[in-house]
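The sequence and the model are shown first, and the description follows.

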Amino acid sequence: LSDSYADMTLAYFPPPKAQPSLSSSLAQSAWQLAMRFGKRTTIHGLDRLLSARASRWERLVWLCTFVMAFLGAVYVCLILSARYNAAHFQTVVDSTRYPVYRIPFPVITICNRNRLNWHRLSQAKSRFMSNVSDIVQLSLFERIVGSYDDAYFGHFQSFERLRNQPTELLNYINFSQVVDFMTWRCDELLTDCLWRHYAYNCCDIFSKRRSKNGLCWAFNSLETDEGRRMQLIDPMWPWRTGSAGPMSALSVRVVIHASKHWPGTNGKDSLKGIDVMVTEPFVWHNNPFYIPANTETTLEIEPIIYFYDNDTRGVRSDQRQCVFDDEHLSKDFKSLQGYVYMIENCQSECHQEYLVRYCNCTMDLLFPPGQYRSCRAQDLLCLAEHNESSPKDLLLYSHQPGEKDFVRNHFEGMSCKCFRNCYSLNYISDVRPAFLPPDVYANSSYVDLDVHYRFETIMVYRTSLVFGWVDLMG
C-alpha cells in the first residue's frame, strides 16, 4: 500500500521546475524588445543587426558599422556644439540707402569756452552774499567763481588757485547755483537761428543743460525739462531732416562777448571760441570739438548705424562685446542714474565714481542729479590734486581694462570697463572752420555755425551669429 501511494504521488504531483533568475528574465525581455524594435526601425544597419535571419559574422559586421556611425555622429555634434558656444559673429551691410529722415537729427550742444558772464559778478555777490561785508570772504568768493570759468571734467587744475585759502568759510554757498546764475543766457549767446531755412527764436529750440563741459545750450535735446515739454507739444520732436548739404539743417550764430569774460583769461585770444558736442539722443556727454572765435564753420555729419540682431541676445554681453539697453541684470550694465545704457553714459558714470572715490563728492554741474554728495568749496582743491597737477593724472586719462597689454600708459588714469551699446547711431563729424577777416567781424566776436548732413542716405551694418541655434538644431 505504501508503494502504491508513492507511485500516485509521483504521477499527479510532479516536482516544481526551477524559476529563472531576475537578471536573466530582464535580459530575455530586453532581447525580445530589441528584436521587435529592430524589425520595425528605419535606422540604417540596426535592422540588419537585429534580424533573426542574420548570421553571427553578419551581425558582427553591422555592429562595427553601426558603432562607427554612432561615434561619428557624436563627434559631429560636439563640433557643432563647440561652434555654437564659440559665438562667432559676422557683420554685413544691412542697407546702403537708409534715408536720414528715419533717424533723429543729432543733439547739438554749444558751450562758450569761457563759461561765465563776468559782468554779473556784482549781482551774484548781492544775491548770494548779501549779508557779508568781510573783505576776505568777498575776495575768496570771487576767486572761487573765477576758478569755475574754465573748469570741466578732467580740467580741474584751475582749482589749484584755492590752495592755502580758507575755502571752508564759504561751504554754506552752493556754487553750482552761482555758476548757473552767471552762465551765459540764451539771448546772450545765441542768435540768428535757422532750421531748414525757417527762422526760429533760438531760445525756443535751445535749452540749457548740464554736461561734463559744464552748463551749455543744446538743440534737439531730450535731456532737459524744456526738451521733454517740447516733445509733448510737438510729436515730431526731436526734429529730423531728409535733406543734406550746406544750410539744409541747423544754422546759428554764437556770440563770444570777449569783453565780458573773466579777467583772468585776458591775453588768451587763441583760446576764445566755443565747444560743440554732437550726440545721439539720451547720451549724456561726448568729446566736443573746439571751434575758434571769428570763424565761419561748417560741421558736416555722416551718420552710421550699427546694430546686433535679436539672435545675439542668447550670447553673454562680454562675449558679444556690447550691451542691450534693457539688459539691466547684466554684470556689464552701468549707466548714469535714470539713463538708458549707452557707452558714453557708462563712461560718464565710471568717471563720476572716480570723483567720489578720490574726493567723496561729485561735481553736480557736470552730471545729472543722483545719489552722490555735491562738492562744497573746501572739496574743490581735492579735484585739482587728483587732476593734471597730480603725478598720476588720476582724473585726466581714461582707458579700458584690456588696453594695458597693447598700449604703454605712463599715467594711472581711470579704468572703465564699458562695452558699446548693441544699437549704436554714430555721427561721424567733420569740422571745417574758416577765419573771417577783421573787417568783417569788426569789434564783435562770434562763430557762424552751419550743421548739416553730408548725404541724404546712410549705411546700416548688422551683426549676427555665424552659427545660431537654428543652425544647431538643423
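Which strands each supply at least two residues of the lining of the second largest cavity? They are β2 and β6, and the sections below set out the context.

## Basis of the description

The model is predicted, so that local features need pLDDT of at least 70 and side-chain atom pairs count only at pLDDT 80 or more, whereas totals for chains, interfaces and linings use all residues. Residues are numbered from 1 along each chain as its sequence is written, and side-chain values use heavy atoms, with hydrogens and water left out.

## The open sheet

An open sheet is formed by 5 strands in the order β5-β6-β2-β8-β9, with antiparallel pairing; helices (H or I, at least four residues) and strands (E, at least two) are DSSP runs numbered from the N terminus, and two strands pair if DSSP finds at least two bridges between them. The edge strands, each of which pairs on one side only, are β5 (206–211) and β9 (289–292). From one strand to the next the twist averages 35°, with axes taken as lines fitted to C-alpha atoms, for helices over the stretch in contact, and angles running from 0 to 180 degrees between N-to-C directions.

Within this sheet, β2 (residues 107–112) and β6 (residues 214–219) run antiparallel and are joined by 3 bridges. Ile108 has Phe219 of β6 as its bridge partner.

## Cavities

The structure holds 2 cavities of 30 Å³ or more, where a cavity is a set of points, on a 1 Å grid over the protein atoms alone, at which a 1.4 Å probe fits but cannot get out, and lining residues have an atom within 4 Å of a point. The largest cavity has a volume of about 80 Å³, a volume being the space filled by probe spheres set on grid points that are joined across faces, edges and corners. Its lining includes Arg115, Tyr148, Thr183, Leu215 and Met363, and divides by class into 7 nonpolar, 2 polar and 1 charged residues; Ala, Val, Leu, Ile, Met, Phe, Trp, Tyr, Cys and Pro count as nonpolar, Asp, Glu, Lys and Arg as charged, and the others, Gly among them, as polar.

The second largest cavity, of about 40 Å³, has among its lining residues Ile110, Cys111, Arg115, Thr183, Leu215 and Trp217.

## Helices α5 and α7

Helix α5 (residues 121–128) packs against helix α7 (residues 175–182) at an angle of about 145°, the axes lying 10 Å apart, and the crossing is right-handed, that is, the near helix is turned clockwise from the far one by less than a right angle. The contact (heavy atoms within 4.5 Å) is made by Leu121, Gln123, Ala124, Arg127 and Phe128 of α5 together with Gln177, Val178, Phe181 and Met182 of α7.

## Pockets

The largest pocket holds about 820 Å³ of space, a pocket being an open set with protein on both sides within 12 Å along at least five of seven lines. Of its 35 lining residues, Lys212, His285, Asn286, Asn287 and Gln347 lie nearest its centre, and α12 gives the most to the lining, with 5 residues.

The second largest pocket has a volume of about 440 Å³ and is lined by 19 residues, of which Lys208, Arg209, Arg210, Leu215 and Pro369 lie nearest its centre. Its lining divides into 6 nonpolar, 4 polar and 9 charged residues, and α7, β5 and α10 (225–233) each supply at least two of the lining residues.
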